[in-house]
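Please keep the viewer open as you read.

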Amino acid sequence: MEGRMLVAAGSLTIVSIFLIFGALLIHPFGVPNAYKMDQYIIDHTQNESGANNGVTAVVFDYRGFDTLGEATVLFTAVAGVILVFRRVKKE
Amino acid sequence: MMSKIVKTIAGISFPFITIYGLYVIAHGHLTPGGGFQGGAIVASGLILLLVAYGTDWIIEKIKESHLSILESLGALGFIGVAFLGLIFGGMFFTNFIAGTSMLFGGIPTSTAANINTGGTLPLMNFAVGLKVIAGLFAIVLVMAYAISKEEGE
């Protein structure tokens, strides 16, 4: 029993150390490390995609493949539910 | 199957919910929201009708196979617009309408909302909205129908 407690305490200490250092090393809020992509999208969204809503421009234009996967997930969910709850003819 | 009060209130609020959801879909490139969110709003309005009026009343009006067709049409429209970008713009998901004189081809000059902008984004929003409306409503309709059949036996 004592061995297990020691192992638990040791792993908790290691995780806490990494967590605290990781939290301290995070960049401050609103000041991203790599801002070039954000700034590019903010500057060029209106001219490139013609949309005032930058979020929609990112979701449907710049990251269209992500939305395609999302739509595929929804399609798979609907197909699965209809398959499970389909009406079976009773003989 | 609910009481008459619930039916009346659902019947009154259903058009407003639908109009608001369609507005969110149609203005996806201008205001917060888009196809997914507006589709969820319209589908929740339809689900309100389903809960208020009962499954049997709604299954007479619309079948889940029709909803499946609508959902597949939405998905095909979405991928079709993406492939049109491949044909006309050279890359998958190219916004080939933006900057031309076609419908939705305008470029906004200020932050003022202009519906005739956005290129392919409004078309994709419509397709995704149709898909989400039909998909979410089909899920709830099929489940509710299965439960009502179980209770009926």
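B:Glu71 sits in helix α4 (residues 64-89) of chain B, where a helix is a DSSP run of H or I with at least four residues, a strand is a run of E with at least two, and numbering starts at the N terminus. This is a predicted model, in which local features need pLDDT of at least 70, side-chain atom pairs count only at pLDDT 80 or more, and totals for chains, interfaces and linings use all residues. Residues are numbered from 1 along each chain as its sequence is written, chains are lettered from A and ligands numbered from 1 in the order written, and side-chain values use heavy atoms, without hydrogens and water.

Which residues does B:Glu71 touch, not counting those up to four places away in sequence? The contacts (heavy atoms within 4.5 Å) are A:Leu74, A:Phe75, A:Val78, B:Lys131, B:Ala134 and B:Gly135.

For accessibility, B:Phe16 makes a handy counterpart; its place is helix α1 of chain B. Buried means under 20% relative accessible area, exposed over 50%, and partly exposed in between (1.4 Å probe, protein chains only).

| Residue | Relative accessibility | Class |
|---|---|---|
| B:Glu71 | 3% | buried |
| B:Phe16 | 62% | exposed |

Zooming out, chain B has 5 helices and 0 strands. Of its 153 residues, 42% count as buried, and its C-alpha trace spans about 60 × 30 × 20 Å along the principal axes.
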